[in-house]
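Student: Please take me through one part of this model closely, then set it in its surroundings. Keep it brisk.

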Amino acid sequence: MKEKNLNQNLKKLNEIVDWFESQEEIDVEIALNKVKEATEILKEAKKRLKKVENEFEEIKKGADFE
Amino acid sequence: MKEKSESYIKEILSTRVFSVSAYLDLLNTLLQACKTRVVGEIFEFKRAQSGHAYFSLKDKKDGSVLNCVIWNSVYNLCGVELKQGLEVIVSGEPDIYKPRGEIKFKVSSVQLKGEGELKKQYDELKKKLGYLFVEEKKRPIPELPSRIGIITSKRGAVINDFLNNLGCYGFGIKMVDSRVEGQEALKDLLLSLRTLKKQKIDVLVIMRGGGSLESFLAFNNEALVRELTGFPVPTIVAVGHDKDVPLLALAADKMVSTPTAAANLLNQSWQRLEWELKEKEASVFSFLSSFFEKFKLLEYKVKEGLLRIIEGEINDLKTRIERFQSVVLSNDPERNLALGYSIARKSGKIIRSIEDIKIDDVIDLEVSDGIIKSKVNERKKSKSKS
């Protein structure tokens, strides 16, 4: 699977969440696939967010040169 | 010692018979001791084809006469135009010309007697050499000179005044010691100019203290003036004067009155450079300090603004991801298995209706910890769904 950036991941997650929230009766089979996909994306998004957060902390430390 | 040599001469004179030539040689040797200065009025002046000049000096009081000769080379340098009736002071020594047995005073330098004559001679020479003194002939003193040639007497206050006022700009100095007083200074000055002409210098300075017109005789000499105007680098003449500016000073590219002024003139371009550098330094400092202020402001904006914005964004993302996670989790069908629900599948497909199966079909019942293989015995439609 081609890696998506954080924004693309968030967009996809948003679509999945919107799908769940818009269903009056959830199709279990589709839901399972959606959950499976969302779990993958969440994993990837968390990993990327952690990376961003670490980089940010580095920058913050570097900027503290008074 | 003197008495001894006198008695020795007397003894020789009384005991020995001389040839004419030997006797004249002896006399000429003795006459060398009579080197002196003699004042008188010129008459019977004539110049031979060779350039040598012959004249007589007459004593104004009793008419006594002294025959004189001045060699061409000395006459050309002496700076005085000899003529009938001129009252002069000549320096030199007597000498007997052996082929004729005549005694003549050999002149080594001449100066005019009396301020009136000196002034007249000065004015005439000034007029004659006027074209050398014009502004168009003046060369500028070089900017940032570093090699200075100096002609002055090493005795006296002049050189000290000059050096004390010369700035510390790494000047290299080549000094030639020269007499600067009286007619005898002329030869020294000419020789010094010729010596420094061969040296690598940027500018030449000739200096002496003040004095009367008479003491400036050497500085009003035509040969010296011409030598200076032909000097290869710009010249500064700092010779103090009373009323009449010495002709050498008029011939210089720059004339100043004191050694201090000459030093200041040489310092000028260096001082200007020093001032410009200080000014540039100040503008660089002010540029840097304003740059640092701007930088600090930017730094503050980055730290207090941008970093906080990014931090907020990251926190926002975290919240969103957590919310996504909770929505996904709460909708996960498998989560319901833990609550006691199960998912029924036939050949991997989820069974949604009793229409999806037949009696004796083998179906999979997925529960929280595994799959139960089951065989359909009966199908019964729910009453509420019918």
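**A strand pair and its surroundings**

Tutor: B:Asp364 stands opposite B:Lys373 in β14(B). That pair belongs to strand β13 (residues 362-367) of chain B and β14(B), which pair in the antiparallel sense over six bridges. Strands here are DSSP E runs of at least two residues, helices are H or I runs of at least four, and both are numbered from the N terminus. Two strands count as paired if DSSP finds at least two bridges between them.

The model is predicted: local features need pLDDT of at least 70 and side-chain atom pairs count only at pLDDT 80 or more, while totals for chains, interfaces and linings use all residues. Residues are numbered from 1 along each chain as its sequence is written, and chains are lettered from A and ligands numbered from 1 in the order in which they are written.

Now widen the view to the sheet. β13 and β14 of chain B sit in an open sheet of four strands, ordered β12-β11-β13-β14, with antiparallel pairing. β12 (349-350) and β14 (370-375) of chain B stand at the edges. Each has a single partner strand, so one side of each is left without a neighbour in the sheet.

Stay with β13 of chain B. B:Val367 lies in this strand. B:Val367 has 13 other C-beta atoms within 10 Å, so it is partly exposed. The scale runs on C-beta atoms placed from the backbone: 20 or more others within 10 Å is buried, 12 or fewer is exposed, and partly exposed is in between. Leaving out residues up to four places away in sequence, B:Val367 touches B:Leu337, B:Ser342 and B:Ile372. Contact requires C-beta atoms, placed from the backbone, within 7 Å. B:Ile343 is 24 residues from B:Val367 along the chain, and their C-alpha atoms are separated by 6.9 Å.

β4 (residues 87-97) of chain B pairs with β5(B) in the antiparallel sense over 10 bridges. Here B:Asp95 stands opposite B:Lys104 in β5(B). The two strands form a hairpin with four residues between them. In the turn, B:Gly101 has a positive phi of about 70°. B:Gly101 is exposed, with 9 other C-beta atoms within 10 Å. B:Val20 is 81 residues from B:Gly101 in sequence, yet 9.4 Å away, C-alpha to C-alpha. β5 (residues 102-112) of chain B also runs parallel to β3 (residues 65-70) of chain B, joined by two bridges. On that side, B:Cys68 stands opposite B:Phe105 in β5(B).

Next, the packing. The largest nonpolar core has 42 residues, and B:Val205, B:Val237, B:Leu248 and B:Ala262 have the most contacts inside it. Apart from it lies another core of 17 residues, among them B:Ala53, B:Leu57, B:Val90 and B:Phe105. A core is a set of buried Ala, Val, Leu, Ile, Met, Phe, Trp, Tyr and Cys residues joined through C-beta atoms within 7 Å. Helix α7 (residues 222-229) of chain B buries B:Leu224, B:Val225 and B:Leu228. Seen down the axis of α7(B), its buried residues fall within an arc of 100°, so they line one face of the helix. The arc is taken over directions from the helix axis to the C-beta atoms. These buried residues pack against α6 (185-197), β9 (235-239) and α8 (247-251) of chain B.

Step back to the whole chain. Chain B holds 10 helices and 14 strands. Of its 386 residues, 21% are buried. Chain A comes to two helices and zero strands, with 12% of its 66 residues buried. The contact between them takes 19 residues from chain B and 22 residues from chain A. Helix α9 (residues 259-330) of chain B gives the most to the chain B side, with 14 residues.

Last, confidence. pLDDT is the predictor's confidence in each residue, from 0 to 100. Chain B averages 87, and 96% of the residues score at least 70. The mean is lowest in helix α1 (residues 2-15) of chain B, at 78, and highest in strand β6 (residues 147-152) of chain B, at 95. The model scores ipTM 0.71 and pTM 0.55.

Definitions and conventions
Two residues are in contact if their C-beta atoms, placed from the backbone, lie within 7 Å.
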